[in-house]
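I am opening a notebook on a structure I have not looked at before.

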Amino acid sequence: MSHPILSEFDIVFAGGGATACVVAGRLAAYDPSLSILILEAGQHTLNKPIHVQPSQALLNLAPTSTTVTFNIGNPSPHLNGRVPIVYSGRCVGGGSCVNFMAYTRAPASDYDDWGVDGWESPKLIPLMKKLEKYEVQPDCPTHGYDGPIKVSSSGCKMGISNEFIQVGATYHKRQYADDTDDLETCNTYSPCQKYIDGSTGIRSDAAHHYIYNQAHNPNLHVWDGKRVKRVIFENKRAVGVEFTGDPVSCPDADQSSSIVRASKLVVVSAGAFGSPTILERSGIGAEAILKRCGIEQLVNLPGVGENYRDHYLVLVPYLATDDIATPFRGDSILQQSLARNSLDSKIKWRPDDEELKAMSPAFQLRWKDFFQDRPDKAVAVFTPFAQYVPPPSRPLSNILAPRSSMTACYYILYPVSVGSVHIDVTEHGKEQMDFNTGILDDPSDIVPLNFGYKKTREIFRRMASYRGEVPADHPDFPEGSAAACREASGPVDLNAPDIVYTAEDDEAIDRFHRDIVQTMSHSLGTCAMKPEADHGVVDARLNVYGVSNLKVADMSISPLNVGGNTYSTALLIGERAAMIIAEDLGIDCI
């Protein structure tokens, strides 16, 4: 079947998320004569309040949202039969335009652990500095001050931030530091900086700071509402892509297929869900998966779609004093302000000896093998939200709680469990996704979550704003349990004894987590940058094994998890990919 060929470009990007924007924007700046096309399934984000105003971030996750994709996983016995849902950006700029803007960088050693030539931390740190403008404090050796992406405190901290840090220093007996995103500091309370422009209060995303700021370049094109189906090959050389109108973001668009050609390079940059499925629809992947979908195999790459990784998140609300300041409650100045995301403090937590002894034996081997001798690697992040954020089992319409509330957030950074993302077809021949999240498949992964509930509850019940628990959003403890949840008139004393949990209480916490745990939507790994023999998909220069003229550049290439919010890594991959492509094309990228 023939398809109309619209035109030809030097480079075509299949996907317009954060990394694609960085790569395309840098290449366009390095050589404005390059003709570059970004095909993005979602819509433009230019100056839209839902994308640029930090306080509107949660609206992107509303059930009717078209700015994210709701990736539905397979039911899992480890989640009590629940069907998990993982979000991914579906707009120009991708996750950078819909995330919570938290600035949490992974330790430098995470990149050394990849073991990939050219991706060692000494070579990447200059790129980390190149991409950011750190507005928090001057003269920090691992931060940059002239880059496009702004990092700030956003100008105002919620009151519970100081309470969280104070309790951390006293009850939790941890130190404080102004900066724990220096690529090594860990187990220390600190402010939580944000990807927000400190002078304007606007989100600092990849679309606005790498693409939209080059509107003057007639050779840089973004076609929104275009879903890439597959890569077109001639003798295993990528020469273009086939795409259709996207039925979600543009339901009235023409659904017929078109082809656009690429004379120099095709870059697949559709994220941990989109990139492996584009490759599989193009005939690149495991024989059994392609065969069941009726796709002729071009290259046998069984690693495509495997190695799915993420961070596992739990949200637990607490009642707060009526005068607590949040973005939606408190004084009129705060109510009028839009430049906040309710996240102002955190700790990248590692258990001390006493905490480690209190954790289940199922975690001890994981601790010994991975964490014990790596002091820069945190087990989890604890942070308070200055608002009510319900667990995913509760409807988003409840986001404005009837009472003053605050929420404990804790998520683990290096789960052992691994999932997969593949294409499949229904019995009626319609394409669907076969998504195994892998959440809690390994028994060691739930242990730090169970402990995280207990520890954050002890921290929160000592904070001055604490007024008890929101029982419906906590474990269902047995009647008469010392851990039973209820309203309170105020916090307990700093030196009060911790709650003593029975075996039945522990079972309730375990069930609670299996019922509500979700991922951070920090999805990665499904087109891993590893040797082909080790189920790798791309080499160190991002070339897809077995074909030419085709690269992958997004979070799907990360072979291992990273101990931070993945936006920073997505930007970094973009900067490194732009250098690699520029070098391949003989373009000066200084």
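Which residues in α4 meet which residues in α14? I note before answering that this is a predicted model.

Entry: α4 and α14.
I listed the residues on both sides. From α4 I have Leu 124, Leu 127, Met 128, Lys 130 and Leu 131, and from α14 I have Leu 571, Leu 572, Glu 575, Arg 576 and Met 579. The residues of this contact divide into 7 nonpolar, no polar and 3 charged. I then looked up the helix axes. Helix α4 covers residues 121–131 and helix α14 covers residues 567–585; their axes come within 9 Å and cross at roughly 110 degrees. Angles of 65 to 115 degrees count as roughly perpendicular, so I recorded α4 and α14 as roughly perpendicular to each other.

Entry: α12.
I checked the length of helix α12, residues 446–460. At 1.5 Å a residue, its 15 residues should span 21 Å, and I found the end C-alpha atoms 21 Å apart, which agrees. I also looked up burial: 14 of the 15 residues of α12 are buried, so the helix is largely enclosed by the rest of the structure.

Entry: Gly 147.
I found Gly 147 in the loop between β5 (132–134) and β6 (149–151). Is Gly 147 buried or exposed? Its relative accessible area is 7%, and buried means under 20%, so I put Gly 147 down as buried. Leaving aside neighbours within four places in sequence, I listed its contacts as Lys 130, Leu 131, Glu 132 and Lys 133.

Entry: Ser 269.
I found Ser 269 in the loop between β12 (258–268) and α7 (271–281). Its relative accessibility is 5%, and I counted Ser 269 as buried. A polar atom of the Ser 269 side chain lies 2.8 Å from the backbone oxygen of Gly 15. Leaving aside neighbours within four places in sequence, Ser 269 has contacts that include Phe 13, Ala 14, Gly 15, Ala 553 and Asp 554.

Entry: Met 101.
I placed Met 101 in the loop between β4 (85–89) and α3 (108–113). With a relative accessible area of 1%, Met 101 is buried. I then looked up its distance to Thr 569, 468 residues away along the chain, and noted 13 Å between the C-alpha atoms.

Notes: Residues are numbered from 1 along each chain as its sequence is written. This is a predicted model: local features need pLDDT of at least 70, side-chain atom pairs count only at pLDDT 80 or more; totals for chains, interfaces and linings use all residues. Side-chain values use heavy atoms; hydrogens and water are left out. Helices (H or I, at least four residues) and strands (E, at least two) are DSSP runs, numbered from the N terminus. The expected span of a helix is 1.5 Å times one less than its number of residues. Buried means under 20% relative accessible area, exposed over 50%, partly exposed in between (1.4 Å probe, protein chains only). Axes are lines fitted to C-alpha atoms, for helices over the stretch in contact, and angles run from 0 to 180 degrees between N-to-C directions. Angles under 35 degrees count as roughly parallel, over 145 as roughly antiparallel, 65 to 115 as roughly perpendicular and the rest as oblique. Contact means heavy atoms within 4.5 Å. Ala, Val, Leu, Ile, Met, Phe, Trp, Tyr, Cys and Pro count as nonpolar, Asp, Glu, Lys and Arg as charged, and the others, Gly among them, as polar. A polar contact is a pair of N or O atoms within 3.5 Å; within protein, one must be able to donate a hydrogen and the other to accept it, and residues adjacent in sequence count only if both atoms are side-chain atoms.
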